[in-house]
Amino acid sequence: MNPAAGTLRPTRARHWVVFFAVTLAVIGYIQRVCISQAAPLMRGDLGLTPVQMGMAFSAFGVAYALFEIPGGWLGDWLGPRRVLMHFVLWWSFFTVATGWAWNLASLVVARFLFGACQAGCFPNLTKAFTTWLPQHERVRAQGLMWMSARWGGAFTPMLAAWVLQLVDWRRSFEVFGALGIVWAFFFYRWFRDNPRHHPRVNQAELALLAGAERAASGHGNVPWRILLRSRTVWMLWAQYFCVSYPWYFYITWLPSYLQEYRGLTPEHAARLAVFPLLFGGFGCMFGGFIAPYVTRRLGSVARARRAIAYTGAVAACLFLLLHSVIRDPLWAMLAMGMASFGNDILMPGSWGACMDVGGKFAGTLSGSMNMMGNFGGSLAPVILGYVLEKTGSWILNFYIMAGIYLLAALSWRFIDPVTPLKGASVDE
């Protein structure tokens, strides 16, 4: 390190990495959630039953889950720059291709391939954070990124409803797909896998990273045996499975629920559908920014992350149950929004644990956690559709989701969210 680094003012190039992560999170969620608003039109046009529409929703989740580990592993091996650029271009293409569907099979294929490509998004952004950010900035960056993702999804129903007034549902997917192409162009021009190779990073900023950039080198030989023997890894997978199952309702069946059960118009439903993801964004921000204060209060990062997770999961359970007994749609959706707030308080700590526990294998570990979460998410739309078709009950689905939140809280009892796996530290 250059001795003069101590006299320089650090550059802030690393903040552009957060900017790119935030904008991609917004774009990715817009492209992911827009189908929920178009779903009633698609069901009528393509002649789909609730179970068949659930299959189309789940095709994304299955592929997203299956390709999480490969997507994260590619980022660990090749670096996020090339991997993210290619993934974003391909998933934007399959967003457009969703509008070309002519039957159930073509729709399922388009959504499956869209999910397969988008699977590499957050593991590679987490890899970039691990490389570009000092440890004390990572959880807040995760909170900001997930807040932006949720808010991108929150306003998508209104955005999609507006777009659907201008064009038909097929053309709307072309509009949303174009956003990712623009992002990929600018990201590839600016980003470098190693901050040492970026012309806008000075020695003082590198000093702040203090070894984080060593995680940028290739790590294709992932210690799978160590991962699979770790209780922490299994419990990280379990809690993310549990919080993803209810959350998928918010981005799939929610507009249909508001229109069919609550009797709202599409426009009114779109306005109320904002609350779960809007409040979820606040939950992500709150979870990320409260973490340092809770840590100082409890004297331990591990205890702080567990306390935040317990609080969030239990609150999500209680507010979801409260929602189910409220008749007024506005107050019911405010309660559901608070359930989503509790859900997303867990997010920064979960992904922060992947960075701290995974170390130089953070992309792979975060990918595996997101994989398990999306297995839970991929089950939700089909099970929701099946329960609805067999019983006609939306409320029974909410009871199931509330119980699953309690399982998420229990999982955190067995997680050590700070100790790196053997061989994962950048110094090993």
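1. Contact here means heavy atoms within 4.5 Å. In this predicted model, glutamine 259 touches Pro40, Leu264, Thr265, Pro266 and Ala269, leaving aside residues up to four places away in sequence. Glutamine 259 is placed in helix H12 (residues 254–260). Between glutamine 259 and alanine 269 the C-alpha to C-alpha distance is 6.3 Å, with ten residues separating the two in sequence.

2. Is glutamine 259 buried or exposed? Its relative accessibility is 19%, and buried means under 20%, so glutamine 259 counts as buried.

3. The packing of H2 against helix H17 (residues 362–391) deserves attention. Their axes lie 7 Å apart, at an angle of about 175°. Angles over 145 degrees count as roughly antiparallel, and H2 is therefore roughly antiparallel to H17. On the H2 side, the contact is made by Pro50, Val51, Gly54, Met55, Phe57, Ser58, Gly61, Val62, Tyr64, Ala65 and Leu66. H17 contributes Asn370, Met371, Asn374, Phe375, Ser378, Pro381, Val382, Gly385, Tyr386 and Glu389. Sorted by class, the contact of H2 with H17 comprises 13 nonpolar, seven polar and one charged residues.

4. How many aromatic pairs does the model contain? The count comes to 34 aromatic pairs, with ring centres required to lie within 6.5 Å. One of them joins phenylalanine 67 and phenylalanine 112, whose centres are 6.4 Å apart and whose planes make an angle of 85°. Planes over 60 degrees apart count as edge-to-face, and this pair is accordingly edge-to-face.

5. The positions of these two residues give the pair its context. Phenylalanine 67 lies in the loop between helix H2 (50–66) and helix H3 (68–78), while phenylalanine 112 belongs to helix H5 (residues 104–118), so the pair ties together parts that are 45 residues apart in sequence. Phenylalanine 67 is partly exposed, at 36% relative accessibility. Phenylalanine 112 also counts as partly exposed, with a relative accessible area of 28%.

6. A further aromatic feature is one cluster formed by Phe57, Phe249, Tyr250, Trp253, Tyr257, Tyr261, Trp394 and Phe398. Of these residues, Phe57 also takes part in the contact of H2 with H17.

7. Two placements of arginine over aromatic rings may be noted. Arginine 32 lies over the face of tyrosine 29, at 4.3 Å from the ring centre. The charged end of arginine 413 sits over the ring of phenylalanine 414, at a distance of 5.9 Å from its centre; the cut-off for the distance is within 6 Å.

Technical notes:
Residues numbered from 1 in each chain as written. Predicted model: local features only at pLDDT ≥ 70, side-chain atom pairs only at ≥ 80, totals over all residues. Heavy atoms only, no water. Phe/Tyr/Trp six-rings, centres within 6.5 Å; stacked < 30°, edge-to-face > 60°. Helix = DSSP H or I, 4+ residues; strand = E, 2+ residues; numbered from the N terminus. Buried < 20%, exposed > 50% of the residue type's maximum accessible area, 1.4 Å probe, protein only. Lys NZ or Arg CZ within 6 Å of the ring centre and 35° of its normal. Axes fitted to C-alpha atoms, helices over the stretch in contact; angles between N-to-C directions. Parallel < 35°, antiparallel > 145°, perpendicular 65-115°, else oblique. Nonpolar A, V, L, I, M, F, W, Y, C, P; charged D, E, K, R; others polar.
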